[in-house]
Amino acid sequence: MIALLAGLALGASQPAVVPEPTAVVGHCRFIIADLSFAGSPSEQARCLLTHVGYRGKLGREPERLPRGLAGVLDGRSRLPAKDRVAQLLDSEGIDIGGLDEPVSRARDGDPAAPLARYFVIHDTSTPYYANAPFPADIDRDPKVNDFAPYFPVGGDPEKVPVAHLFLDRLGAVKLGQLLSRPWRATKLESRVIGLPAKGLFLHVETVMPRRRDARIEGWNDAIAPKPGFSKAQYDRLALLYIALSVRAGSWLIPAQHGTIDQGLPQAHDDPQNFSLRSFDRALRHRLRQLK
Ligand SMILES: [Zn+2]
């Protein structure tokens with residue numbers, strides 16, 4: 001956490017603290033006045049895609065982005081045509097609510113505020129197996145891939161579903177919040193930046209079971225599967241990244257929950273075991289397919 005944040009009350013029960021608009025907050029230096037993290041899109045992505053390790057500990061920031069993302073974020077790869085992407089989503093049975101309506105805008109949908117800029121990757125950390133082993137085939141396990149827990153019947157619509165999109169280990173996609181709805185799912189957005197952040201981030205939850213690490217006392221969900229993501233998840237995540245960017249009208253900057261909230265109290269550790277290389281390979285494959 002940087003010095004500017006020292007002293008701000010960030011506990012789960014306290015109300016959000018509204019920082020000065022000139023403030024720079026978070027590990028990847030979000031500049032509130034600019035509604036942006038510091039640096040060029042590539043520089044931002046390098047920080048935001050730093051590997052999130054065991055219990056949320058960050059690895060070393062990548063020196064450069066892999067070539068698919070590098071091409072996208074430095075402007076060499078143009079956005080694919082909307083009708084081609086719409087066709088592809090259709091042919092694969094993926095419904096994200098269409099590509100014509102705009103995505104959410106920052107400042108809780110202020111018409112004068114910028115459209116969403118960040119594509120935030122999460123893992124659900126659900127289902128939780130406690131001290132029991134993971135199922136033998138987590139990618140095909142019906143309980144692991146069940147979307148129902150994320151869509152509780154009678155749930156508070158201000159709280160659930162917790163993200164815009166859900167992605168299971170077979171690659172199935174389910175729409176949670178409408179992409180046009182400003183929605184927050186990190187502590188940096190809701191407890192540090194406050195309202196200006198609301199709508200600037202689009203959130204994707206990828207299904208990943210967890211279990212307890214017996215070496216740590218008490219409840220924890222520190223053990224994630226290895227590999228963390230299935231092949232189908234990388235493939236569909238890449239397609240969603242393209243589709244949401246097309247809907248936003250420019251390439252979104254990919255980010256992870258764990259890098260966004262790094263340094264904040266009770267920061268999450270997701271996504272675990274996310275391979276930037278695997279994601280980039282899937283992205284390049286999808287971009288070739290859309291040429
Ligand atoms: Zn998360």
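Reader: Is R140 buried or exposed?
Author: Happy to start there, with the reminder that this is a predicted model. The cut-off for exposed is over 50% relative accessible area. R140 has a relative accessible area of 59%, so R140 is exposed.

Reader: Which residue does R140 meet in a salt bridge, and how accessible is that partner?
Author: The side chain of R140 meets that of D137, at 3.2 Å from N to O. D137 counts as partly exposed, because its relative accessibility is 36%.

Reader: How many salt bridges does the structure hold?
Author: Another of them joins R215 to D213, with the closest N and O atoms 2.7 Å apart. Here R215 is exposed at 69% relative accessible area, whereas D213 counts as buried at 3%. Salt bridges that share partners also join E92, D235, R236 and R286 into one network. The total for the structure is 16 salt bridges.

Reader: Which protein residues are donors of the zinc ion, and how are they spaced in sequence?
Author: The zinc ion has H122 (ND1), H257 (ND1) and D270 (OD) as its protein donors, lying 2.0 to 2.2 Å from it. Their spacing in sequence is H-x134-H-x12-D.

Reader: Which parts of the chain do H257 and D270 tie together?
Author: H257 and D270 are both buried. The two are 13 residues apart in sequence, so the pair ties together helix 7, which holds H257, and the loop between helix 7 and helix 8, which holds D270.

Reader: Why is strand 7 described as largely enclosed by the rest of the structure?
Author: In a regular strand, side chains alternate between the two faces of the sheet. Strand 7 has F201, H203 and E205 on one side and L202, V204 and T206 on the other, and all are buried. Strand 7 is largely enclosed because the buried residues number six of six.

Reader: Which strands pair with strand 7, and in what sense?
Author: One partner is strand 4, joined to strand 7 by six bridges, with F119 facing L202 as its bridge partner. Another is strand 5, joined by three bridges, where L165 stands opposite V204. Strand 4 pairs with strand 7 in the parallel sense, and strand 5 and strand 7 also run parallel.

Reader: What distance separates the end C-alpha atoms of helix 8?
Author: Helix 8 has 14 residues, and at 1.5 Å a residue it should span 20 Å. The model agrees with that expectation, because the end C-alpha atoms are apart by 20 Å.

Reader: Which helices do the buried residues of helix 8 pack against?
Author: The buried residues are L276, F279, D280, A282, L283, R286 and L287. They cover an arc of only 160 degrees around the axis, so they lie on the same side of helix 8. The face turned away from that side carries the exposed residues R277 and R288. The buried residues pack against helix 2, helix 3 and helix 6.

Note on methods
Residues numbered from 1 in each chain as written. Predicted model: local features only at pLDDT ≥ 70, side-chain atom pairs only at ≥ 80, totals over all residues. Heavy atoms only, no water. Salt bridge = Lys/Arg side-chain N within 4 Å of Asp/Glu carboxyl O. Buried < 20%, exposed > 50% of the residue type's maximum accessible area, 1.4 Å probe, protein only. Donors = N, O, S within 2.8 Å, 3.2 Å for Na, K, Ca; no water. Helix = DSSP H or I, 4+ residues; strand = E, 2+ residues; numbered from the N terminus. Pairing = 2+ DSSP bridges. Expected span 1.5 Å × (residues − 1). Arc of directions from axis to C-beta. Contact = heavy atoms within 4.5 Å.
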